[in-house]
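Visitor: I would like to learn how to read a few features of a model, beginning with the core. Could we go through them one at a time?

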Amino acid sequence: TIVMAAGTTPTQIFSFWLVVVSALAAWESKIGMPSLREVVEARMADLFEVRDTIESRENLIAGGGLSGLAELVRLPSMWAPDADFAQARELMRSVVGVDET
């Protein structure tokens with residue numbers, strides 16, 4: 001059902017995935033609220049399942065133009081004091097296909 005919900009056209013697949021990762025980001029911002037802890041954990045678990053299903057299907061990754069983008073979204077915050085910019089640069093190079101040799 002998740003695969004069918006993602007759609008069949010590139011725009012449908014990309015949009016469905018983007019809504020899911022956007023919802024994850026929105027719920028993630030509420031993790032520190034004790035009164036919402038159970039709700040946040042439940043919603044995020046559901047959304048992780050949907051995201052992981054989409055990202056585990058090569059036909060959806062390719063069909064939605066998600067190659068590389070899914071990895072970029074999973075990078076840790078570059079605003080963090082201990083951010084690993086080397087990791088981000090390497091991933092960006094691999095996504096855009098820059099070969100420095």
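Guide: A nonpolar core is a set of buried Ala, Val, Leu, Ile, Met, Phe, Trp, Tyr and Cys residues joined through side-chain atoms within 4.5 Å. Please keep in mind that this model is predicted.

Visitor: Which residues of the largest nonpolar core touch the most other members?

Guide: In general, nonpolar side chains tend to be buried together in soluble globular proteins. Here the largest nonpolar core has 15 residues, of which W17, I54, L60 and L66 touch the most other members; helix 2, helix 3 (37–55) and helix 4 (58–63) are the elements that give two or more residues to this core. Apart from its neighbours within four places in sequence, L60 is in contact with V3, A6, G7, I13, I54 and L66.

Visitor: Is T53 buried or exposed, given its relative accessible area?

Guide: A residue is buried under 20% relative accessible area, and T53 counts as buried because its value is 18%. T53 is found in helix 3 and, when residues up to four places away in sequence are not counted, touches I2 and V3.

Visitor: What does the side chain of Q12 reach?

Guide: Q12, which lies in helix 2 (residues 10–28), has a side chain that reaches the backbone nitrogen of T8 at 2.8 Å. Leaving aside neighbours within four places in sequence, Q12 is in contact with A6 and G7, while its C-alpha atom is separated by 7.5 Å from that of G64, 52 residues apart along the chain. Q12 counts as partly exposed because its relative accessibility is 39%.

How values were computed
Residues numbered from 1 in each chain as written. Predicted model: local features only at pLDDT ≥ 70, side-chain atom pairs only at ≥ 80, totals over all residues. Heavy atoms only, no water. Helix = DSSP H or I, 4+ residues; strand = E, 2+ residues; numbered from the N terminus. Buried < 20%, exposed > 50% of the residue type's maximum accessible area, 1.4 Å probe, protein only. Contact = heavy atoms within 4.5 Å. Polar contact = N/O pair within 3.5 Å; in protein donor to acceptor, adjacent residues only side chain to side chain.
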